[in-house]
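Work through the exercises below with the structure in view. Each task is followed by a solution in steps.

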Amino acid sequence: MSNRFEVARALIAEAGDTPELLPDAVPRALLDEIIAAATCRYSARFVEPPWRFVVVVGQEREELVTMIAEALTRHWGLGNLRPRGIASEGVLRAPALVLVFSRIPSSEGLDAIAQTAAGVQNLLLLAAANGLAIHRTFAPNLVPEAVLDFVAGRLGPAYRECELVTTLAIGYPAASSPPQSAPLRPDWIGDERRPPPAQPARTEEPAQAPAGVLCSPGGERVLVVDPSQYNRDQFLRLLAAAGYKVEAFASGQTLLARLTEVDAPQLYVVSDALPDMSGFELVRALRGRHASTPLVVATARRDSAFRIGGLAAGADYYLRKPVNPIELYTAARILIERQRRGEELARANDELSRLLHELRSAQERLVMQAKLASLGQLVAGVAHEINTPLGAVVSNTDLFLRCFARLRERLGQTPVAGDELIARDLRAVEELTEVTRQACGRITNIVRELRTFARLDEADRKPVDLHEGIESTLVLINHLIKGRIDVQRHYGELPHVECHPNQINQVFMNLLVNACQAMDGDGTISITTWHEPQTRSVNVAFTDTGHGISPQVLARIFDPGFTTKGAGVGTGLGLAICYQIVEAHGGRIGVESIEGKGATFVVSLPTS
């Protein structure tokens, strides 16, 4: 047994990191045989071996070494310093470089990469058994992209999909071997013959605060959940040093229970494996409660399927264990800043939406006021022009009636032949004249409405009891209400309102008449008044049980000239007059209606 160990120890020593390699060429047949023997044991396990061994010799070897050295200089800023690793002077004389690739990334196929690593170790031992020495350089000590570019340029682009595992410099060792240091003896646990050496007690020093750019911007709260006490302590120590307020939990349920007592934090740090649930289950639960809070998953795993599953669950970032403090600070600061900017953007969008709504409302009011102003000028002129000929027609009609009355009286005093025919004609003329007088009366009412619309007969403002105005209006329209409509009064306590009483009464008149006309048979009109001290306004609501207003015309009911009553029934000015009067008093008029179920008009007027 001792003899075997001595042989193995000698092989391992000869296969170690031996930079002094002779430039003598190694026979190609020997390298092919060694590589084939190193991997033959594992080839049967795969349909297609996942490893790739590439041997670089001659001028191509010198070009590869040059490319690696230049890449190291670019990436790491070596400048005038001599490069280390594969480009060190001891390796530059190696006659052959063996590049070992894996077609399957280490994060995706642990079995494949393990067999590749075993093949490399066999290669080291077989090379030592054949009198060769190997200098081994791992991929992290290089710039793998330079090696991939070199190989893909000569053997095809398929190598760009491979992962560089290691690079071996193979050659015959120089005569002088480096001094062998005594091997370290292992430390034992559980064997009384070799007690562990006494070590001074270790005190955990607080973490040093990072640079200001990595610190907490405003003392944000961070909730951490991890089953390992060491990890929890580390997160607490590091995040507290950066100015965060941290709470740590050992399980997902304790964290969820804590969330019922406090508001959402600004950041979650969740371990991928918990004692009571998987990390992704907790991620989904947290996303269900706080969809926008940033969430970091801490894990030691590297496979893509795992990462994709976490992103689908709602993770914002993966933090690799063991935790790098700079990575932790950077991720926390970036995610919190992103969240803050998102909230600011949402608030700005809400403010813009509110301003846009106000702008549209103001635009609609300006358009309505422009319509009313232009129509008011037109109406004022039309009313003035109609009044003159209308006065003449009314005067002549009255004169005709008086003249016909005298003629009838004269005929009664001195009857003549054919007086019955004359009397019949006089009665016919009187009836026609009465029709003309009624038509003139209707024209007079229309002109009065036009003048009211144009505000030609404004009175002075004075404090008014709105309830008195409503009651006087109900008296005037009693002929429309009597025996058909039930008026329900729900009056609140209202302060006096300073207004033009005749104009406000005109508003009440138009709204009540419209409500009566909206009901073909029996119905109900409810009048409700209330005072809103916080907005310093009084409100009067008129609700009817009529046929309502269709959504298609609801937006046009205040337009001058628009009517749904048909020709000869409405002028289309009633609601337009109401709108203008209420706006002139600094108030608002609104309407809510469901077609077939009536409508409610609400007039709001400011109080002093």
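A salt bridge is a side-chain nitrogen of Lys or Arg within 4 Å of a carboxyl oxygen of Asp or Glu. The model is a predicted one, in which local features need pLDDT of at least 70 and side-chain atom pairs count only at pLDDT 80 or more, while totals for chains, interfaces and linings use all residues. Residues are numbered from 1 along each chain as its sequence is written, and side-chain values use heavy atoms, with hydrogens and water left out.

**Exercise 1.** Describe the salt bridge between arginine 354 and glutamate 358.

Solution.
- Step 1: The closest N and O atoms of arginine 354 and glutamate 358 are 2.5 Å apart.
- Step 2: Helices (H or I, at least four residues) and strands (E, at least two) are DSSP runs, numbered from the N terminus.
- Step 3: Both residues belong to helix H11 (residues 325-413), where four residues of spacing separate them by about one helical turn.
- Step 4: Buried means under 20% relative accessible area, exposed over 50%, and partly exposed in between (1.4 Å probe, protein chains only).
- Step 5: Arginine 354, at 38%, is partly exposed, and so is glutamate 358, at 39%.

**Exercise 2.** Which parts does the salt bridge between glutamate 63 and arginine 154 tie together?

Solution.
- Step 1: The side chains of glutamate 63 and arginine 154 meet at 2.9 Å, N to O.
- Step 2: Glutamate 63 lies in helix H3 (residues 58-76) and arginine 154 in helix H6 (residues 144-155), so the bridge ties together parts 91 residues apart in sequence.
- Step 3: Glutamate 63 is partly exposed at 30% relative accessibility; arginine 154 is partly exposed at 43%.

**Exercise 3.** Find the residues with the most contacts inside the largest nonpolar core.

Solution.
- Step 1: A nonpolar core is a set of buried Ala, Val, Leu, Ile, Met, Phe, Trp, Tyr and Cys residues joined through side-chain atoms within 4.5 Å.
- Step 2: The largest such core has 40 residues, and Leu466, Leu511 and Ile527 have the most contacts inside it.
- Step 3: Helix H15 (501-517) is among the elements that each supply at least two residues of this core, and its share, eight residues, is the largest.

**Exercise 4.** Give the strand order of the open sheet of five strands and explain its edges.

Solution.
- Step 1: Two strands pair if DSSP finds at least two bridges between them.
- Step 2: The order is E11-E13-E14-E16-E15, with mixed pairing.
- Step 3: E11 and strand E15 (588-593) each have a single partner strand, so one side of each is left without a neighbour in the sheet.
- Step 4: E13 and E14 run antiparallel and are joined by eight bridges.
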